[in-house]
Amino acid sequence: MDLRESVTKENLLRAFAGESQARNRYTFAASTCCQEKLHVLEAVFLYTAQQELAHAKVFYSHLKKAGCENVTITANYPVDLPEQPQKLLELARSHEMDEFGDVYPAFAEKAQEEGFAEIARHFRQIAEIEKVHADRFDRFAKLMADGKLFVSDVETGWICLNCGHVFTGKQAPAKCPVCSHDQGYFIRLELSPYAK
């Protein structure tokens, strides 16, 4: 089957549009977190936004390789109205779980049925990544809900995202003793993207 005549072509554009919109929503959410001086959450949203850009590029490249110039689709995409960081985390988790549990598995099945094994594989692989995103957002939402974003029940390592200073204690410092950035820049060392 020619991709230009397939349902998979439309699903690729839906996925591209969804990933592009997720990237923008997460960039907007990062700005909200920055305004709230929750720089660790700003970093989480921006980190994930970059991964959404990579996903969009995968889907877009399939369309380009097939020579798809204009694709018409009808689709629903979320608009996250709340401006509270915790709610934004919860909504992001929900959107990621939709892609993981429903959307991309259905797109993969259709691509496989239409004979596009590589595209089906990409839908399945990216679905698994969306689950990682959902789990990440969920963990930070729960830390916020429990009042534990900067507090721990046990001594733990905290790293300043600005300068890399590592502090050990039950609570992140109010200000970094090295660069004087506020507590909003601290993340549990175990949750930093490049921890051991």
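**Entry 1. The strands**

I begin with a term: two strands pair if DSSP finds at least two bridges between them. I note also that the model I examined is a predicted one.

I looked up strand E1, which covers residues 151–160. Three bridges join E1 to E3, and these two strands run antiparallel. I then turned to the other partner and found that five bridges join E1 to E2, again in an antiparallel arrangement. As a reminder to myself, strands of a sheet pair through backbone hydrogen bonds, either parallel or antiparallel.

What is the order of the strands in the sheet? I recorded E2-E1-E3, an open sheet of three strands with antiparallel pairing. Strand E2 (166–171) and strand E3 (186–188) stand at the edges. Each of these two has a single partner strand, so one side of each is left without a neighbour in the sheet. From one strand to the next, the twist averages 40°.

I looked for residues that face each other across the pairs. Tryptophan 158 stands opposite arginine 188 in E3, and threonine 156 stands opposite glycine 169 in E2.

**Entry 2. Positive phi values**

I next examined backbone angles. Most residues other than glycine have a negative phi, and most peptide bonds are trans.

Lysine 37 has a phi near 60°, a positive value in a residue other than glycine. I located lysine 37 in the loop between H1 and H2. Is lysine 37 buried or exposed? Its relative accessibility is 53%, and lysine 37 counts as exposed because the cut-off for that class is over 50%.

Serine 180 is another residue other than glycine with a positive phi, here near 65°. I found serine 180 in the loop between E2 and E3. At 48% relative accessibility, serine 180 counts as partly exposed.

I also checked the hairpin of E1 and E2, which has five residues between the strands. In this hairpin, glycine 164 takes a positive phi near 90°.

**Entry 3. Helix packing**

Two packed helices are described by the angle between their axes and the distance between the axes. I looked up both values for two pairs of helices.

For the pair H1 (residues 7–35) and H2 (residues 39–65), the axes come within 8 Å and cross at roughly 165°. H1 is therefore roughly antiparallel to H2, since angles over 145 degrees count as such. I recorded the crossing of H1 and H2 as left-handed. The contact of H1 with H2 has 19 nonpolar, seven polar and five charged residues.

For the pair H2 and H4, the angle is about 170° and the axes are 11 Å apart. H2 and H4 are therefore roughly antiparallel to each other. By class, I noted 14 nonpolar, six polar and five charged residues in the contact of H2 with H4.

**Entry 4. Histidine 122**

Is histidine 122 buried or exposed? I found histidine 122 to be buried: its relative accessible area is 16%, and buried means under 20%.

Which residues does histidine 122 contact, leaving aside its neighbours within four places in sequence? I recorded Val58 and His62.

Conventions: Residues are numbered from 1 along each chain as its sequence is written. This is a predicted model: local features need pLDDT of at least 70, side-chain atom pairs count only at pLDDT 80 or more; totals for chains, interfaces and linings use all residues. Side-chain values use heavy atoms; hydrogens and water are left out. Buried means under 20% relative accessible area, exposed over 50%, partly exposed in between (1.4 Å probe, protein chains only). Contact means heavy atoms within 4.5 Å. Axes are lines fitted to C-alpha atoms, for helices over the stretch in contact, and angles run from 0 to 180 degrees between N-to-C directions. Helices (H or I, at least four residues) and strands (E, at least two) are DSSP runs, numbered from the N terminus. Angles under 35 degrees count as roughly parallel, over 145 as roughly antiparallel, 65 to 115 as roughly perpendicular and the rest as oblique. A crossing is left-handed if the near helix is turned anticlockwise from the far one by less than a right angle, and right-handed if clockwise. Ala, Val, Leu, Ile, Met, Phe, Trp, Tyr, Cys and Pro count as nonpolar, Asp, Glu, Lys and Arg as charged, and the others, Gly among them, as polar.
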